[in-house]
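Please read this briefing beside the sequence and the model.

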Amino acid sequence: MFNTLLVPVDGSKSSHKLLHVAAETAKAFSAQIKLLYVIEPVPHQFVTMTVDDSTMMTKVADSIIKDALAQLDQEGINEAETHVLTGDPANTILNFVKDGSVDLVVLGTHGWRGLDRLLLGSVAAEVVRSSKVPVMTIRLKETE
């Protein structure tokens, strides 16, 4: 049913839960995992990015992907395709789904409501609304 799972990661403390569910789902369907980390660009009117800042953001992304791969390995998933892209997180995930052979998106949601959601937006809500493939959302809590 599902051959390829897209698992966007954000490096949050609670992402271990997301990776656990993704690994179990991949094992159940004998599916491949594609990890995706999206570097969100800072608007130029707020900050001037230097080469050092860009290098630091890439190092952070690489570290998050490396940690996700290590956890997947502990979960019994020895191979995963990795991608680091730059852009708006929701749009980047949706474009990846359009362009790639992805059957299911396994996505964490922090469950923000009210003013937090209004100010911070909801990547998960946008992906669920607009994705052409099924989206499994996993409620993440920083305290877990």
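**Helix H3 and the sheet**

The buried residues of helix H3 pack against S1, S2, S3, S4 and H5. This is a predicted model, in which local features need pLDDT of at least 70 and side-chain atom pairs count only at pLDDT 80 or more, while totals for chains, interfaces and linings use all residues. Residues are numbered from 1 along each chain as its sequence is written, and side-chain values use heavy atoms, with hydrogens and water left out.

**Terms for H3**

- Helices (H or I, at least four residues) and strands (E, at least two) are DSSP runs, numbered from the N terminus.
- Buried stands for under 20% relative accessible area, exposed for over 50%, and partly exposed for what lies in between, with a 1.4 Å probe and protein chains only; contact stands for heavy atoms within 4.5 Å.
- The buried residues of H3 are Pro89, Ala90, Thr92, Ile93, Leu94, Phe96 and Val97.

**Overall make-up**

- The protein has five helices and five strands, and along the sequence they follow the pattern β-α-β-α-β-α-β-α-α-β.
- Of the 144 residues of the protein, 38% count as buried.
- The accessible surface of the protein is about 8,600 Å², and 52% of this surface belongs to carbon and sulfur atoms; the areas come from the Shrake-Rupley method with a 1.4 Å probe, and for residues only the protein chains shown count as cover.
- Among contacts in the protein with a separation of 6 or more, 79% are between residues 24 or more positions apart.

**The sheet and the helices on it**

- Five strands form an open sheet in the order S3-S2-S1-S4-S5, with parallel pairing, where two strands pair if DSSP finds at least two bridges between them.
- The edge strands, each of which pairs on one side only, are S3 (81-86) and S5 (135-139).
- Neighbouring strands of this sheet are turned by 25° against each other on average, direction ignored; axes are lines fitted to C-alpha atoms, for helices over the stretch in contact, and angles run from 0 to 180 degrees between N-to-C directions.
- Helix H3 (residues 89-99) packs on the sheet and touches S1, S2 (32-39), S3 and S4, its direction making about 145° with that of S2.
- Helix H5 (residues 123-130) lies across S4 and S5 and runs at about 155° to S4.
- The buried residues of H5 are Ala124, Ala125 and Val127. They cover an arc of only 165° around the axis, which puts them on the same side of H5, the arc being that of the directions from the helix axis to the C-beta atoms.

**Strand S4 and its partners**

- S1 (residues 4-8) and S4 (residues 104-109) run parallel and are joined by two bridges; Leu5 has Leu104 as its bridge partner in S4, and Leu6 has Val105.
- On the S5 side, S4 pairs in the parallel sense over five bridges, and Thr109 stands opposite Arg139 in S5.
- In a regular strand the side chains alternate between the two faces of the sheet.
- Both faces of S4 are covered, with Leu104, Val106 and Gly108 buried on one side and Val105, Leu107 and Thr109 buried on the other.
- S4 is mostly covered, since six of its six residues are buried.

**Lysine in strand S2**

- Lys34 lies in strand S2 and is buried, with a relative accessible area of 7%.
- Apart from its neighbours within four places in sequence, Lys34 is in contact with Thr4, Leu5, Leu6, Val7, Glu81, His83, Phe96 and Ser101.

**The aromatic pair**

- The count comes to one aromatic pair, where rings of Phe, Tyr and Trp (its six-membered ring) pair if their centres lie within 6.5 Å, and planes under 30 degrees apart count as stacked, over 60 as edge-to-face and the rest as tilted.
- Phe2 and Phe29 form an edge-to-face pair, at 5.1 Å centre to centre and with 80° between the planes.
- This pair links distant parts of the chain, with Phe2 in the segment before S1 and Phe29 in helix H1 (residues 15-29), 27 residues apart.
- Phe2 is buried, with a relative accessible area of 14%, whereas Phe29 is partly exposed, with a relative accessible area of 33%.

- Val42, in the loop between S2 and helix H2 (51-74), is partly exposed at a relative accessible area of 30%.
- Val42 and Gly87 are 45 residues apart in sequence and 9.6 Å apart in space, C-alpha to C-alpha.
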